[in-house]
Amino acid sequence: SLVEGGAQDGVAKGIQGGRVIVLKGYNHDGELIDGSVGKSLAYGATGGLVIIQGDADSRACIRLSGADVIIGGEIRQPIDDSRGYIGIHANVKGFLCEYMTAGRVLVLGDPGPWICAGMTGGVLYLRFQPEWSFDWAAIQRRIARGATVNLLAVGDADENNLKALIGEYSNELARNHQKEEARRVSGYLQNWKDAFVKIEAVGRQLDQSVASE
């Protein structure tokens, strides 16, 4: 299903397959705006694809266990965490990927505070933007206290994941009167090893190596 303009709470909650796409819509002045969603995006989703062009409110991807989720809202100004509560200016407002067990999540902007609490599986990709002060230290500040996860550079094993997620997002934009935006987003893949980092549960890489023996 495709929605243009935005949606409220509970989008794609418990989705088991298919596609849920929320893109910007035209206002009365012919400008593309919004594309954002409310709380609990893809809560408990077990399969399918969810694409949000704008921002998401708190508790996105809670208990995600198999779906692919792309949140396309991007940083609009340099990050300054000294101002206080991180979530006010973030593209996701808090608790992203809490208790996530499987699936792939890509956030192109600021994921907000308290991310990955209780996360035991899956992978969260973030767009690394030190020029906007969204650097390693800023990302570490966003990881929930007590979360058993690692912040890592992406490697060869991540290339297919990033190409698939960015490709799906770009294709949806191109199909829905945003070809220029689609080309811009696709450009993130040109230097993907420098452009992205990932967060995984501690021990996941060890589990994969044991399984492959």
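**Close-up views of the predicted model**

**View 1. A nonpolar patch on the surface.** Tyr85, Ile88 and Trp114 together make up a nonpolar surface patch, with about 320 Å² of accessible area. The model is predicted. Trp114 sits in the loop between strand 7 (102-107) and strand 8 (123-127). Its relative accessibility is 37%, so Trp114 counts as partly exposed.

View 2. The disulfide count is 0. Cys97 is in no disulfide; its nearest cysteine sulfur belongs to Cys61, 4.9 Å away. A disulfide needs the two sulfur atoms within 2.5 Å. Cys97 is buried because its relative accessible area is 0%. Cys116 is in no disulfide either. For Cys116, the nearest cysteine sulfur is that of Cys97, at 5.2 Å. Cys116 also counts as buried, because its relative accessibility is 0%.

**View 3. Strand 9 against strand 10.** Strand 9 and strand 10 (residues 196-201) run antiparallel. They are joined by 5 bridges. Leu151 has Ile199 of strand 10 as its bridge partner.

Definitions and conventions:
Residues numbered from 1 in each chain as written. Predicted model: local features only at pLDDT ≥ 70, side-chain atom pairs only at ≥ 80, totals over all residues. Heavy atoms only, no water. Patch = residues over 30% accessible without salt bridge, like charges linked within 9 Å, V, L, I, M, F, W, Y side chains within 5 Å. Areas by Shrake-Rupley, 256 points an atom, 1.4 Å probe, with all protein chains shown as cover. Salt bridge = Lys/Arg side-chain N within 4 Å of Asp/Glu carboxyl O. Helix = DSSP H or I, 4+ residues; strand = E, 2+ residues; numbered from the N terminus. Buried < 20%, exposed > 50% of the residue type's maximum accessible area, 1.4 Å probe, protein only. Pairing = 2+ DSSP bridges.
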